[in-house]
Amino acid sequence: LANRLAGTDAAHRYLAHLAANRVFTFATGEEGAYRYHNLFRDFLRQQCLREEGEPAFRRLQHETAAALEDVGETDMAVELYLNANQPRDALEVVARGGEAGLEGLPSERLRSWLERMPTESDAAAPWARLIAAQLRSRDGDYREALREIDRAVSAFEGSSDEWGLYHALSMKECALFWQGDTAEALRACEAALAHARTDQQKTHTLLSLGSAALDMRRWEEAEAAFAAADAVADSATPAEQIRARGLRAHGAYYRGDFRAARAALPAPELAGTSGSVRATILNTGGIVELGLADYAQALALFEQARTVAERCGYTLIADMVNVNIGLLRGAQGSVEEGLAIVRKTMEGTAFMEEPTLMAFGLSHEATLLRRAGDLEAALGPATKAAEGVAFERDPYIALNSQANLLFLRALLGGQDTAQLLAVSERASDAGLSFVALKAQLYAAIVAATSGDGDLGAELLRDCVPRQLQLGHLHLLTQELCPRPALAALALESAPSQDLTQRLMGALASHWCYAALVESLVAGNPELAAPAVRAAAERASDEVLTHVLALTQSIRNGALARAVEAALQGRPGVSFVAGPVFPELTKRERQVLGLMAEGKRNQDIADELFLS
């Protein structure tokens, strides 16, 4: 770039000399790249204006912008054109970058551009409208975004601009999709496909078509769209290939195969993808890991997704991630914190205006309340969630919400198992394995706790093995661990040792697993030793310490060996025989232990590296 702009082949020598002599110039770490100190850069600009004059300086800005665009630095090119008061040239760069160029930029950058863009009467204004629409969409104001897009569509049609028309229709599909109007999004996809001129555009739109079909749980239509995208995938960008993998993982998750979804997900390094795609794939990874009861990995992915969404200005995606984090925190035992996160997020504009999202949030709120034992409080949000989304709009959320509500009513004494089994059958017909098996599990719990133990056992023996194979570990953990008798029944009914170990490992990730172990020690001693081994592998330090305290006084050879192995496998666990206080942290117990030894404050500080 420096050689091209300076008209020399020795720019690197000048820059290296300046950097070596520390003349306000620094090597960036990238080979052959340097940067000036900001004040030095401003000084050089002023010198150029004084010595060469304003026309020459503006000409240099144009040449630099063109050079930057040639090497893919389009956002810097747009900035230079706008700084040179050439908004038309800036918008031409935006147009050449298309929808993908806008998606990859943070909201503050786009707002800065929009403030310097031409008025409505300018011929280049359609792309300014698309920038405005991108910002409105990120804020969750889809009505205004669609108004801007429709105006741009009319302008592109009037000028027979096929390139602009394709990108406007593609952005319209995206806004409709996130607004929740998936049927209209499908139609917008078809319209955009008619104007696609390159294989890359066709791939992008076919993937969007498949995404919309997935959202409506039309599995065959989604597969047909993905197959058509595969047919032209040779020219697809790496970012589109990553997006395709993410969508297939998304589809596997909603069809209920969490293990297949985990295998399909692209690696966490998602370089080259837009902020929205990156945040969405990370969120999908988080819900898959949550479903598999790997809570630490799920939280890490959710936090990455939220960071990306917030940094790029995608308010709606950040809100979706926050609701998932709320459910996760409740699964880890922090129910009040989880409820606070979910409720605060649902106050946002995007959730208030989109029924599907609101049902999603209300279901999480009701689930947290029910699992905390507040059944009456859970009834309101559970009812609103079940009434908020029609089956035709989203079969998954509709049937999932119905199953949650029926289970809650049954726990309150108002329903039998027949309706839950009817929901299970309907979900199975729709290809929703998770919802089908979840409703069956709920029916098993209701039957077993209402006096029909034989039916409960039969249903458990049927659904639990399939759930373990598909990876529905979070659901089994959260519903069975607080019900020790049912957990023992499920463990005994698993058809293989491998599935028993999988279930025990999942249960061990629950924050009240120690209570289940206590029950197993008393009623199912043959399961006690495997329970201790599972705690050593999956439980937190606090839960494992409690488990060891419960089992250390029992005279049982297998159990004693399991305890010994657990201690050897987790040397960091602080275990002292006798009463355990699970509300204390590991560090608090260390401090108390040192106090009991008569250590002074300074001794404790030195030993534990405290101030």
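Predicted model: local features only at pLDDT ≥ 70, side-chain atom pairs only at ≥ 80, totals over all residues.
I will start with Glu365 and Arg343, which form a salt bridge whose closest N and O atoms are 2.8 Å apart. Glu365 sits in helix H21, residues 355-371, while Arg343 belongs to helix H19, and so the pair ties together parts of the chain that are 22 residues apart in sequence. Of the two partners, Glu365 counts as buried, at 11% relative accessibility, whereas Arg343 is partly exposed, with a relative accessible area of 37%.

Let us stay with helix H19 for a moment. This helix runs over residues 335-346, and its 12 residues reach 17 Å from the first C-alpha to the last, which is close to the 16 Å expected at 1.5 Å a residue. Which residues of H19 are buried? They are Val335, Gly338, Leu339, Val342, Thr345 and Met346. Seen down the axis of H19, these buried residues fall within an arc of 140 degrees, so they line one face of the helix. As a general point, an α-helix has 3.6 residues a turn, so residues three or four places apart point the same way. On the face of H19 turned away from the buried side, we find the exposed residues Glu336 and Lys344.

Now to another part of the chain, and to helix H7, residues 107-115. Asp75 forms a salt bridge with Arg109, and here the closest N and O atoms are 2.9 Å apart. The pair links distant parts of the chain, since Asp75 is in helix H5, residues 74-83, and Arg109 is in H7, 34 residues apart. Asp75 is buried, with a relative accessible area of 18%, while Arg109 is partly exposed, at 28%. Salt bridges that share partners join Asp75, Glu79, Arg109 and Arg116 into one network.

Helix H7 also holds Arg111, which forms a salt bridge with Asp139, the closest N and O atoms being 3.2 Å apart. Asp139 lies in the loop between helix H8 and helix H9, so this pair ties together parts that are 28 residues apart in sequence. Both partners are partly exposed, Arg111 with a relative accessible area of 28% and Asp139 with one of 37%.

How many salt bridges does the model have by this rule? The count comes to 33, and the pairs I have shown are among them.

Conventions: Residues numbered from 1 in each chain as written. Heavy atoms only, no water. Helix = DSSP H or I, 4+ residues; strand = E, 2+ residues; numbered from the N terminus. Expected span 1.5 Å × (residues − 1). Buried < 20%, exposed > 50% of the residue type's maximum accessible area, 1.4 Å probe, protein only. Arc of directions from axis to C-beta. Salt bridge = Lys/Arg side-chain N within 4 Å of Asp/Glu carboxyl O.
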